[in-house]
Each structure stands twice: as structure tokens, then as C-alpha cells.
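Subject: Structure handover

Hello,

Here is the structure you asked about. My notes follow below it.

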Amino acid sequence: MTGNIFQSKSWSPYAAGIVIGLLQIPAFLLIETALGASSSYVTIGALLSGIWDGDLSGNSYLLKHAATTGKNWWQVALVLGIALGAFISMRLSGARRKAISPIWARALGTSRPAARYALAFGAGFLMLFGARIADGCTSGHGLSGVAQLSIGSTVAVAAMFAGGIATALLVLRRI
Amino acid sequence: MSVFSAILIGILMGTVFGFALEKSRVFEPGMIVGQMQLRNFIMLKVFLTAVAVGALVLAVMTSMGWASLHPKGALYVADVIGGLILGAGIALAGACPGTVLAQIGAGYRDALFVLAGGIAGATFYGYLDPVLAPLLKTWDAGKITFADSFGLPYWFLAVLLAVLIGVVLFILEKVSPWRVEMGADVDGDLAP
């Protein structure tokens, strides 16, 4: 732990949580929306689908997310910024990561990268399929929905933790 | 606001978001899986702190008339089924839809597969939306909040929520200090 806070490898979860919570200020004031992440996957998916399905089969859900609006592209920029911010933070602290976290060899009972990559793809698919059914993820329902005291979001977050805890205890091995 | 300004603001906000996620280590698969196996509480600590701060800033902003709330509708069937599937995905991915981007930025290669699977899953839902949406909307309670159902002002319940979270976190930190939860390589890997 040398240098300033930007070079530190870890912050208290409370300091980081305060920074993330304060991001609701520009979200509500400038974009007039709450923090969220999972809609951006539809925007990118619809954009890619447009390559071979030019009119997106007239699907109003996909067309709505693919529209060139500030809110749609703000969220795509937000998630790209997350990768950039994490990269900058990692370079400043030197907390480099291996290709695969060491916990996976224990959680999966195998250290074959192909096994992890296949599961990762399937997990990502489930994660966003579920998030789109629920109309939000850990950010949209979790951070923003619970802070707004939304009843639907609170139910979604409870279901999310229930599904996550059951899967981690029953499907994965103890890390 | 132009789309260009929205993108610029998004990148700036995302960079701050990603920086905080990386510093808190909450994006680590070891933290997410550890949370879901109830061995590590960094995720809950970051999450609840951000919720409490978000509730407080929204209490101020809505009371001053600077912003209005945008709660999502309460579609209980969609919220429960979607939430369960999303949770299962989070446990197996060791990431959330937002934190997977932080994993990519920090150098985890399997996160690229999570991202690709995520785009595929979101697109799959999109094509099924005309069929699924009517089923998912079978129990629609509207955009209700606890403030509406209790008949109390939003700011009051938001402050109450923040205080309650503060008490929970104070106890949680006593039981399980965050520095211990980090692990030797700050990745939540607590194996000897």
C-alpha cells in the first residue's frame, strides 16, 4: 500500500459504495434516469442483429433499444466506461489479474480453461436473459430500484439473491 | 441533450463507476461467489452503502424539486422468475451485468465469454419479447413504491432506509471486517 489512494489496491467497501451512490446525482440530473447496465446489452445485441436482420423483424422491443437516443447510448457508454475505469485503476495500483480467477479451479473442480469459458458463456446468457425478463439487474433494480423504494425492484433483488445463493451452494463447490 | 453529450457523460460516469468497482474489489469472482456462498460480504457492503447514499441523495433531490423518481413497474411474475434466473447467472458468471466490464478492464479473460453470452441472452430475450411479455405482465401492480403503499413521504422512508442500512453495516463490519475479507491477493480468495 504505497502512494496515494489512486494507487491503492483496495478501498474500504464503504468508500467505494459512497462514490457509486453519488453517481445517481448526474444520472437523475443530466440523463433523467437511474443507474442501470443491462439494457445496453440489448442495444448492442440489436445493433449486431441488424447486420443480418435489417429491420429487426419489426420487433418493437429491439427497435426501441436500438434507437439512437441519449438514454440508450448513455448506458452503452457507461458500461464501456466501467471497463476503462477498472483498467485505469488496475494500472495505477498494479493489481494485475490472471486470465482466470484462482477460485474457479475449486468452484468447478477442474482447472481446464475451456470448461470455464464454456460455463462463462452460458452464465452470461442466463444472466442477461433473466435480467431482461425482470427488466433490470443489480444496478437498475438493485442500486436504483431499492434506493427509490420500488416494491417490484425489492422483490426482484430478493429473487436474485435467492437464485444466486441456491446456485452457488448447490451447483458450485465451496471456494 | 444531444446523443453525443449523453455518450460523453456516460463514459465519464462509467469511468468513475469502474474505478470504484475495481478499488472495492467487488467485481472479483471471488467476492461474488463468496457472497453467494455466504463466506464473504464485500458485495453486500458495497451494494447496501451505494443504496443508502443513493436513497439520501434522491431524498434531497426530490424534496428540492430537482429530480423526480423513475421506479420500475412491479411485475411480480417477471421480477421473481427473471430475478431467479439472473441470480443463477450471476453465481455461475461470478459477475453482474455491470461488473463483468470491470473484470474485462482488470484483465480477466473469461469475462469476455460472459459478455458475449450476455449479448446473446439479451438478444434472445428481445426476439422472444412479443411472446413472453404478455405472460410476464400477468401480475402488474404498477410503478408502486413503499412510500405509496405506506402513505408516507418518500424522503422520510428513504432516510429511514439509510439509517437501517447503517445499523446493519455497523454490525456486519464487527462480525466480518472488510480487510480480512479481501484475501492475500485482494481477490476474495481466502483459501490457505
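Of the 192 residues in chain B, 56% count as buried. Please keep in mind throughout that this is a predicted model.

Chain B overall

The secondary structure of chain B consists of nine helices and zero strands, so read along the sequence the pattern is α-α-α-α-α-α-α-α-α. Along the principal axes, the C-alpha atoms of chain B fill a box of roughly 50 × 45 × 35 Å. If one takes the contacts in chain B between residues at least 6 apart in sequence, 66% of them join residues at least 24 apart.

One helix of chain B can be checked for length. Helix H4 of chain B (residues 76-93) has 18 residues, and at 1.5 Å a residue these should span 26 Å. The end C-alpha atoms of H4(B) are 25 Å apart, which agrees with that expectation. H4(B) is also mostly covered, with 16 of its 18 residues buried. Just after H4(B) comes Gly94(B), with a positive phi of about 65°.

The contact between the chains

The contact takes 119 residues from chain A and 119 residues from chain B. On the side of chain B that touches chain A, the largest share comes from helix H6 of chain B (residues 110-136), which supplies 20 residues. By type, the residues on that side of chain B divide into 80 nonpolar, 27 polar and twelve charged.

One helix pair across the two chains is worth looking up in the viewer. The axes of H5(A) and H1(B) come within 5 Å and cross at roughly 35°. That crossing of H5(A) and H1(B) is right-handed. The residues of the contact of H5(A) with H1(B) divide into 23 nonpolar, nine polar and two charged.

Helix H2 of chain A

Which residues of helix H2 (residues 24-31) of chain A are buried? They are Gln24(A), Ala27(A), Phe28(A) and Ile31(A). These four lie on the same side of H2(A), because they cover an arc of only 115° around the axis. As for partners, the buried residues of H2(A) pack against helices of both chains. In chain A these are helix H1 (13-22), helix H5 (70-93) and helix H8 (138-147). In chain B they are helix H1 (3-24) and helix H3 (42-63). H2(A) is followed by Glu32(A), which has a positive phi near 55°.

Positive phi values

Most residues other than glycine have a negative phi, so the following two residues may be worth a look.

- Asp135(A) is not a glycine, yet has a positive phi of about 65°. Asp135(A) sits in the loop between helix H7 (113-134) and H8 of chain A. Is Asp135(A) buried or exposed? With 23 other C-beta atoms within 10 Å, Asp135(A) is buried, as 20 or more are needed for that.
- Leu38(B), also a residue other than glycine, has a positive phi near 55°. Leu38(B) lies in the loop between helix H2 (29-36) and H3 of chain B. Leu38(B) counts as exposed, because it has 11 C-beta neighbours inside 10 Å and the limit for exposed is 12 or fewer.

Regards

Technical notes
Residues numbered from 1 in each chain as written. Chains lettered and ligands numbered in written order. Predicted model: local features only at pLDDT ≥ 70, side-chain atom pairs only at ≥ 80, totals over all residues. Arc of directions from axis to C-beta. Contact = placed C-beta atoms within 7 Å. Nonpolar A, V, L, I, M, F, W, Y, C, P; charged D, E, K, R; others polar. Expected span 1.5 Å × (residues − 1). Axes fitted to C-alpha atoms, helices over the stretch in contact; angles between N-to-C directions. Left-handed = near helix turned anticlockwise from the far one by under 90°.
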